[in-house]
Amino acid sequence: MKSLYFAFHVYLAFAGKSFQKRMQYRVANLAGLTTNFFFLLVQIFVYTAFYAARPGPLPLNLDEIITYFVLCQVFFMVMPFWGTSSEVTEAIKSGDVVLQLTKPVDFQTYWFADECGRAYYYLFMRGLPTFLISLLFFEVVIPQHPTVLMAFAVSMILSIFMSAAITITIFSTGFWTLDTSGISGMSYAIITLFSGMLVPIVLWPEWLAYIARWLPFEGLIDVPFSIYLGKITGIKIWIAIGKQMAWSLFFLGLGRFLLTRGFSKLVIQGG
Amino acid sequence: MHHLSLYFHFVKLRIRSQMEYRLSFVFELFSQASISVIDFFMIALLFNRFKQLAGWSLWEVGFLYGMIGICFALAEMFGRGFDVFQRSILRGDFDTILIRPLGTFYQVFSHEFLLRRLGRIAQALVVLLIANSQLTISWSFTKVGYLLISLMSGTCFFIGLFVIGATSCFWTVQSIEIINIFTNGGVFMGSYPFSIYRWWFRHFFTFVVPLACVNYFPSLFLLGKIESLGASPIGVVLAPFAGFLFLGITMLFWRWGVLRYQSTGH
């Protein structure tokens, strides 16, 4: 029990360091905040114009769509997949990963801790300000029921967890290819599309939405935000969260498998 | 003339060095293009649901999208030297540039050439060509020339933005990230007709940062939508020249910035 407590302490310290490192770049954060807000503004202009034509009944009204994209910008940088890459991915490329491997800790957990520190930083320094400013300027929908908020919180934590697991899986391929830009670019396109980041899945044509429902990536964006907006209710919330959990475990396992295989054949570049 | 042949020589060297990593090159070509395919696919999805945007059809918007995409990719290809200029300042490499008997602007410009943007150019060009086949634009010699000038002007506009970002390094050492709003953000907002934006937003991106002049106004003319604007057609027709003017002004800014240069030293 004591050793478990100790281990937890170590990883917490890694996460804290990862958080602190980012606190250094305050001006850059302000610039990033402005950029998030700019994209949000353009998206809102675009959807307002689309909705102005009144194309008939829609599954989401304009305020809900705006809230959806506010949440997108709030969590965009929090998610390890879309935010800036962590030091670990860079380290695999540069060969510095050997320094991290000499530490007496589990590498995947260490990587997770690093991503968690990142996520916390962006949640408080980027996400929260974006949300507060949006409240001032746009008609952001706030769930009235505390259970909805609680379900959203659980689902959102799972989605951040899953996005870290996916990121680790993708960049573990760096042990084989060295240059991950190809595979990360391809997966960026696929995941961005099927997460619902660009257009909410309820607005998609039937056949494409059907594909999305069978893939894990809706759990990153579309599922938690739909819970927030009250579009997933009752027992369906539990099913959605269960799916998120199952996919998280899948990617956790896959990442661990790749990392173990990667270490066994690891050749460090440079000297 | 000497400058020009030297430039081609530099470009040849750059291409050769990028081709050393052939697999990585192909991968990136492919991943770049797939990311932008998703972008346009999403616009198509929206039109599938909503049918039209402020009186614009999918392929009219596709025309805007293709134009701005080509311009930006070309600018990244040719203006790469300014895009990554902060490296030279951080490392103190700019000192070397100063002692060579050639202009600083010319040297930074010819220093880099990013061939892998061909993937993005091809994708935007395909969208533009499909859009053209779906629309009935009566092409004349003048209109083709006008399109080419607009594309060149748009490229100059984006290169101008890179130059501003690079010049700011003389003061801040690191490139100011705000410039991303105008480059990446410019591509995003330039993919939609300007009439959907609020007046202050529109005016800023016409008169201060002339994005509308290199993309929206020329498209209005080419797609025969000028009447819908209610503005003087002459102003619209002359609009693309704002891109060249913009680059000219940023070149003056560059010159002024170089005077302020203090080496980070070694």
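Chain B has 266 residues and a radius of gyration of 19 Å, which agrees with the value near 18 Å that a compact globule of that length would have. The model is a predicted one. In chain B there are 16 helices and 0 strands.

**Overall form of chain B**

- The C-alpha trace of chain B spans about 60 × 45 × 35 Å along its principal axes.
- Of its 266 residues, 41% count as buried.
- Contacts in chain B between residues at least 6 apart in sequence join, in 81% of cases, residues at least 24 apart.

**Packing of two helices in chain B**

- Helix α2 (residues 22-50) of chain B packs against helix α8 (residues 118-134) of chain B at an angle of about 35°.
- The axes of these two helices are 7 Å apart, and the crossing of α2(B) and α8(B) is right-handed.
- On the side of α2(B), the residues that meet α8(B) are L29(B), F30(B), Q32(B), A33(B), S36(B), V37(B) and F40(B).
- Their counterparts in α8(B) are L118(B), G119(B), R120(B), A122(B), Q123(B), A124(B) and V127(B).
- By class, the residues of this contact of α2(B) with α8(B) comprise 9 nonpolar, 4 polar and 1 charged.

**Contact between chains A and B**

- Chain A contributes 28 residues to the contact, and chain B contributes 30 residues.
- On the side of chain A that touches chain B, the elements giving two or more residues are α2 (26-52) and α9 (181-194) of chain A.
- Helix α2(A) supplies the largest share of that side, with 12 residues.
- The residues on the side of chain A that touches chain B divide into 20 nonpolar, 7 polar and 1 charged.

**Helix α7 of chain A**

- Helix α7 of chain A covers residues 146-172, which makes 27 residues.
- From its first C-alpha to its last, α7(A) reaches 39 Å, close to the 39 Å expected at 1.5 Å a residue.
- Because 19 of its 27 residues are buried, α7(A) is largely enclosed by the rest of the structure.

**Residue L135 of chain A**

- L135(A) lies in helix α6 (residues 107-137) of chain A.
- With 12 other C-beta atoms within 10 Å, L135(A) is exposed, since a residue with 12 or fewer such neighbours counts as exposed.
- L135(A) and W238(A) are separated by 103 residues in sequence and by 29 Å in space, C-alpha to C-alpha.

Technical notes
Residues numbered from 1 in each chain as written. Chains lettered and ligands numbered in written order. Predicted model: local features only at pLDDT ≥ 70, side-chain atom pairs only at ≥ 80, totals over all residues. Contact = placed C-beta atoms within 7 Å. Helix = DSSP H or I, 4+ residues; strand = E, 2+ residues; numbered from the N terminus. Nonpolar A, V, L, I, M, F, W, Y, C, P; charged D, E, K, R; others polar. Axes fitted to C-alpha atoms, helices over the stretch in contact; angles between N-to-C directions. Left-handed = near helix turned anticlockwise from the far one by under 90°. Rg over C-alpha atoms; globule rule 2.2 N^0.38 Å. Buried ≥ 20, exposed ≤ 12 C-beta atoms within 10 Å, placed from the backbone. Expected span 1.5 Å × (residues − 1).
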